[in-house]
Amino acid sequence: MALAPSSFLGSAGERLLPLFVPFRFFGAAALFHLAAWAVLLSGADELAAFRGGGGPVLAAVHLMTLGVFVMTAMGASLQLLPVATLQGFAAPATINAIWWLLNAGTICLTAGMYLSQHPVMAAGGGLLALAIALYLWLLLANLRRGGAMLAVVAHGWLAAGALVGLLGLGLILIVNQEHGFLANAQRGAVSHMLLAAYGFMGLLAMGFSYVLVPMFALAPMPSVKGALGAMFCACAGLALGLAGTWFNQDIWAAAGGAVGLIGVTLYLGLMVMTLRQRMRKKLGPAFILMRLSWALMPLSLLMGIAWALDLLPPWGPVIFGLWLFGWLLGFLLAILQRIVPFLASMHAALAVRRRPPTVTALTAPGPLAAHLYCHCAALVLLSAGIVWPMPLLVYLGALAGLLGAAAFTWFFLLAVLKYRTAVAPPSA
Amino acid sequence: MYYDSQIAQVLHDEHLRIIDLMNRLEGLTTGRKARNAPAGDDAATTILLADLNAELQGVAGHHFNFEEDNIFPALTAIGDVAIPYMLRQEHDLLRNLSEVMLPMVQKARGDGFTADEWAAFRDLALELVERQITHIQKEEMGLLPVLSEVFEEQQDSELALLFAEA
């Protein structure tokens with residue numbers, strides 16, 4: 001068969017996107033990861049007492065959420081959803097526009113937050129709204145197709161709903177910062193965070209876990225009923241939590257956290273059962289990071305419940321936020337370190353007829369080990385620095401995070417370089 | 001049933017069998033004990049080499065041929081070209097690896113391994129394990145779950161029967 005692979009990638013029935021499409025999202029996420037830690041480092045002394053408002057901590061938070069979480073989620077979902085729905089994304093120009101708008105919007109918004117410049121922030125919010133609206137248009141068109149992986153598609157629908165809500169609230173919060181019309185902006189900000197973390201990102205992370213974890217571990221997929229049960233609890237908990245936060249009913253918010261915890265317990269139970277039945281015994285360091293992130297998932301909810309019931313000391317809400325981020329960041333980076341070489345090896349197999357590189361050959365273990373140690377050190381140092389509170393520990397934690405992000409970026413660059421070397425035409 | 005589709009289930013069961021063989025092969029060729037060739041009378045190695053010999057001689061080939069003749073054309077017909085193309089490329093690569101390894105396995109079954117033969121076998125075995133495992137991962141995620149959408153129930157049953165008969 002004399003086919004040039006690039007000639008059919010990206011067509012309507014095609015489930016495999018050209019490699020540069022997901023990789024440009026992942027590459028940008030790696031750079032925003034670096035930027036987030038660098039900005040946090042510059043405002044390390046403000047973290048322990050952070051209660052909202054502009055400045056480096058808010059900018060670092062949004063570099064992480066938009067630049068790393070949303071960027072990775074978009075790149076991964078654009079490649080993974082077609083696998084579930086049997087319907088490709090034949091919209092290269094739209095995906096290109098999303099990538100540019102998301103990058104420009106994130107830079108603009110976070111620069112505005114860092115410098116407390118409302119017009120810059122508002123411009124960033126506008127660009128992000130456009131990026132997210134375009135992404136939602138693609139996402140919903142794809143999800144309408146349905147597909148064989150019911151659990152993934154159902155999580156995708158609900159994540160899309162959460163994305164609409166968090167975008168709307170985010171824009172309201174930006175306008176409110178200038179005009180101050182909300183009675184309680186902090187409750188709005190907490191609702192925005194809950195929708196972003198447990199809604200959009202959490203639901204996508206849960207949904208794709210049901211495909212990716214069995215694939216990497218070579219284990220049976222968890223039962224669809226179990227996955228939908230966990231999803232129902234997570235959504236009911238989120239709805240209760242949002243209602244409690246919005247209507248100032250702390251007991252509702254705590255009950256929401258408890259229902260969410262049931263969902264998380266079900267989800268983690270399904271993951272544990274999946275891993276127990278795996279055929280592949282060696283899972284590699286990515287699964288150490290993933291297990292750490294899974295441990296932080298219920299811990300963040302327990303902290304959230306205690307916060308709603310006013311049981312936390314002053315440092316509690318910041319620790320809640322840190323562990324929430326620890327869960328999502330650890331999970332995404334664990335997935336990325338598996339799918340980056342995996343996707344590169346798939347495309348190498350398309351491009352190279354004779355002995356394309358293996359996944360192992362495209363994976364640099366040194367940078368990944370360095371990232372794992374630095375990531376763990378960052379979480380421990382930041383937690384300790386917030387609890388005591390000691391700005392020096394926070395500073396060292398942010399520094400460890402920055403070094404880890406540099407190691408992760410190095411891993412990504414090495415994978416790209418090795419792939420390019422493998423597919424380069426042989427010199428005469 | 002693990003999958004909604006009978007043919008997906010049949011191929012999945014085949015994957016489980018191959019993974020088991022690859023896990024055993026990886027166990028033989030990694031770790032401290034793999035520095036030296038196994039003893040010629042080691043019972044586990046003898047059984048493993050016999051199973052590997054059967055696999056390289058054509059059991060996996062049957063699986064590959066079946067997919068190329070019956071599954072990939074159906075996906076290509078609905079516009080999904082890249083994934084079947086990539087899987088076919090990987091089949092060719094695994095066939096080539098099998099062709100290189102088969103004489104080594106057959107010689108080792110009769111005479112055991114010399115130090116040089118063991119070193120060459122170990123490297124190829126580890127490559128085979130990795131390529132087989134990642135190939136199966138791709139099929140488990142990108143191929144088997146969609147087969148119930150691609151084939152009608154009647155066609156699905158016929159394919160499962162065809163695989164068993166061949």
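This is a predicted model: local features need pLDDT of at least 70, side-chain atom pairs count only at pLDDT 80 or more; totals for chains, interfaces and linings use all residues.
## Chain B

If one looks at contacts in chain B between residues at least 6 apart in sequence, 78% of them join residues that are at least 24 apart.

## Chain A

Chain A is likewise built without strands, having 13 helices and zero strands. Its radius of gyration is 21 Å, close to the 22 Å that the globule rule gives for 428 residues, so chain A is as compact as a globular protein of that length.

Along the principal axes, the C-alpha trace of chain A spans about 65 × 45 × 40 Å, and 55% of its 428 residues count as buried. Among the contacts in chain A with a separation of 6 or more, residues 24 or more positions apart account for 74%.

## Where the chains touch

The contact between the two chains takes 31 residues from chain A and 30 residues from chain B. On the side of chain A that touches chain B, the elements that give two or more residues are helix H7 (185-217) and helix H11 (316-351) of chain A, and H11(A) provides the largest share, four residues. By kind, the residues on this side of chain A divide into 20 nonpolar, five polar and six charged.

Technical notes
Residues are numbered from 1 along each chain as its sequence is written. Chains are lettered from A and ligands numbered from 1 in the order in which they are written. Two residues are in contact if their C-beta atoms, placed from the backbone, lie within 7 Å. Ala, Val, Leu, Ile, Met, Phe, Trp, Tyr, Cys and Pro count as nonpolar, Asp, Glu, Lys and Arg as charged, and the others, Gly among them, as polar. The radius of gyration is taken over C-alpha atoms; the globule rule is 2.2 Å times the number of residues to the power 0.38. A residue is buried if 20 or more other C-beta atoms lie within 10 Å of its own, exposed if 12 or fewer, and partly exposed in between; C-beta atoms are placed from the backbone.
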